[in-house]
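Here is a short report for a reader new to this structure. Please look over the sequence and the model first.

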Amino acid sequence: MADLESYYNKFNENKRLLSRHGQVEYFVTNKYIHDYLFKGAKIADIGAGTGAYSIALAKEGYDVTAVEYCKCNLGVLRANLKKENVNVKSFLGDCTSLHMLQDNTFDITLVFGPLYHLHGEEKQLKALEEARRITKEGGVILVAYYMNDYCVVSYGFKDNHIKESLEKGKLNKDFICTHNEDDLYEPVTVSYINYLLSKTKLKRIKLVGVDGPTDYMRQVINAMDEDTFCLFKQYCLSISEKQEMIGACSHTLDILKK
């Protein structure tokens with residue numbers, strides 16, 4: 001995972017979430033978080049990044065605990081907490097071993113980054129099991145995934161790497177991404193998300209797409225006037241539960257109940 005640390009040392013997560021495509025993802029995701037919040041809720045943000053969700057939720061008065069794997073991101077998160085003068089308990093930690101967090105503690109657990117980067121079913125299931133362990137009975141877990149077909153269309157066809165990817169075995173004949181430990185990301189299909197869920201003791205509430213066609217049309221949405229962009233965000237929210245579109249999003253959100 002050293003490559004992941006190096007990647008996030010260079011990658012500006014704050015800037016991404018402030019971009020228009022990042023704003024769409026944040027807007028839709030935030031709506032679904034708030035569907036399950038209630039006064040006094042305790043929230044765990046696992047893979048908290050630089051604290052976009054943790055800090056906003058703490059400002060609203062929720063009891064938030066953040067865990068982040070990358071030291072650089074955690075440093076930015078803690079600096080942002082100081083700047084915003086909000087209280088979030090924060091830890092450096094691995095989503096597959098949340099030893100610093102007790103069983104049955106949180107009403108809502110967010111797992112928004114880890115499953116993008118974990119390779120292999122064993123580690124992925126361990127992350128889901130740890131999220132389940134720390135969540136109260138009846139609590140809600142929101143898990144984000146990075147999607148296969150977005151990568152094929154965007155990196156493969158749009159950026160003209162499709163032949164190279166097939167020749168190097170990065171894609172199989174059915175255009176499914178293959179994975180190895182050297183890859184930073186592990187894109188998945190809806191079928192694979194369903195398979196992982198079947199191996200857990202969790203129940204699905206709903207599976208949603210949080211950014212619709214946003215990442216395919218960044219230049220277009222960057223050129224929109226503010227009123228049109230607000231309408232676009234509302235459009236992406238309106239289609240977020242259309243199952244026929246979810247696999248083509250760049251990010252999905254599996255909303256689960258313990």
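## A loop residue to start with

In which loop is N85 found? N85 sits in the loop between helix 5 (71–84) and strand 3 (89–92). This is a predicted model, and the features below are read from its atoms.

The phi of N85 is near 55 degrees. That is a positive value in a residue other than glycine. Most residues other than glycine have a negative phi. Is N85 buried or exposed? The relative accessibility of N85 is 70%, so N85 counts as exposed.

N104 is not a glycine either, yet its phi is positive, about 50 degrees. Look for N104 in the loop between strand 3 and strand 4 (106–111). N104 has a relative accessible area of 44% and is therefore partly exposed.

N160 also has a positive phi, near 65 degrees. N160 follows helix 8.

## Helix 8 and its cover

Helix 8 spans residues 148–158. Which of its residues are buried? They are N148, Y150, C151, V152, S154 and G156. What covers these buried residues includes strand 5, helix 9 (162–167) and helix 11 (218–223).

Helix 10 runs over residues 190–198. Its buried residues are I193, L196 and L197. Seen down the axis of helix 10, these fall within an arc of 100 degrees, so they line one face of the helix. An α-helix has 3.6 residues a turn, so residues three or four places apart point the same way.

What does the face turned away from the buried side carry? That face of helix 10 carries the exposed residues S191 and S198. The buried residues, in turn, pack against helix 7 (121–134), strand 5 (135–146), strand 6 (203–209) and strand 7 (251–257).

## A closer look at L196

L196 belongs to helix 10. Its relative accessibility is 0%, so L196 counts as buried. Which residues does L196 touch, not counting residues up to four places away in sequence? They are E121, Q124, L125, L128 and Y145.

L196 can also be placed relative to H179. The two are 17 residues apart in sequence. In space, L196 and H179 are 16 Å apart, C-alpha to C-alpha.

## Helix 7 against helix 10

Helix 7 and helix 10 pack at an angle of about 60 degrees. Their axes are 10 Å apart. Helix 7 is therefore oblique to helix 10. The crossing of helix 7 and helix 10 is right-handed.

Which residues make the contact? Helix 7 brings E121, Q124, L125 and L128. Helix 10 brings Y192, Y195 and L196. The residues of this contact divide into five nonpolar, one polar and one charged.

## Helix 3 against helix 4

Helix 3 covers residues 20–35, and helix 4 covers residues 52–59. The two pack at an angle of about 50 degrees, with their axes 12 Å apart. Helix 3 and helix 4 are therefore oblique to each other. Their crossing is right-handed.

On the helix 3 side, the contact uses E25, Y26, T29, N30, I33 and H34. On the helix 4 side, it uses A52, Y53, A56 and L57. How many residues of the contact of helix 3 with helix 4 are nonpolar, polar and charged? Six are nonpolar, three are polar and one is charged.

## Helix 3 against helix 12

Helix 3 also meets helix 12 (residues 226–238). The axes of helix 3 and helix 12 come within 10 Å. They cross at roughly 45 degrees. That makes helix 3 oblique to helix 12. The crossing of helix 3 and helix 12 is right-handed.

Helix 3 meets helix 12 through R20, Q23, V24, F27, V28, K31 and Y32. Their partners in helix 12 are E226, F229, F232, K233, Q234, C236 and L237. The residues of the contact of helix 3 with helix 12 divide into eight nonpolar, two polar and four charged.

Key: Residues numbered from 1 in each chain as written. Predicted model: local features only at pLDDT ≥ 70, side-chain atom pairs only at ≥ 80, totals over all residues. Heavy atoms only, no water. Axes fitted to C-alpha atoms, helices over the stretch in contact; angles between N-to-C directions. Helix = DSSP H or I, 4+ residues; strand = E, 2+ residues; numbered from the N terminus. Parallel < 35°, antiparallel > 145°, perpendicular 65-115°, else oblique. Left-handed = near helix turned anticlockwise from the far one by under 90°. Contact = heavy atoms within 4.5 Å. Nonpolar A, V, L, I, M, F, W, Y, C, P; charged D, E, K, R; others polar. Buried < 20%, exposed > 50% of the residue type's maximum accessible area, 1.4 Å probe, protein only. Arc of directions from axis to C-beta.
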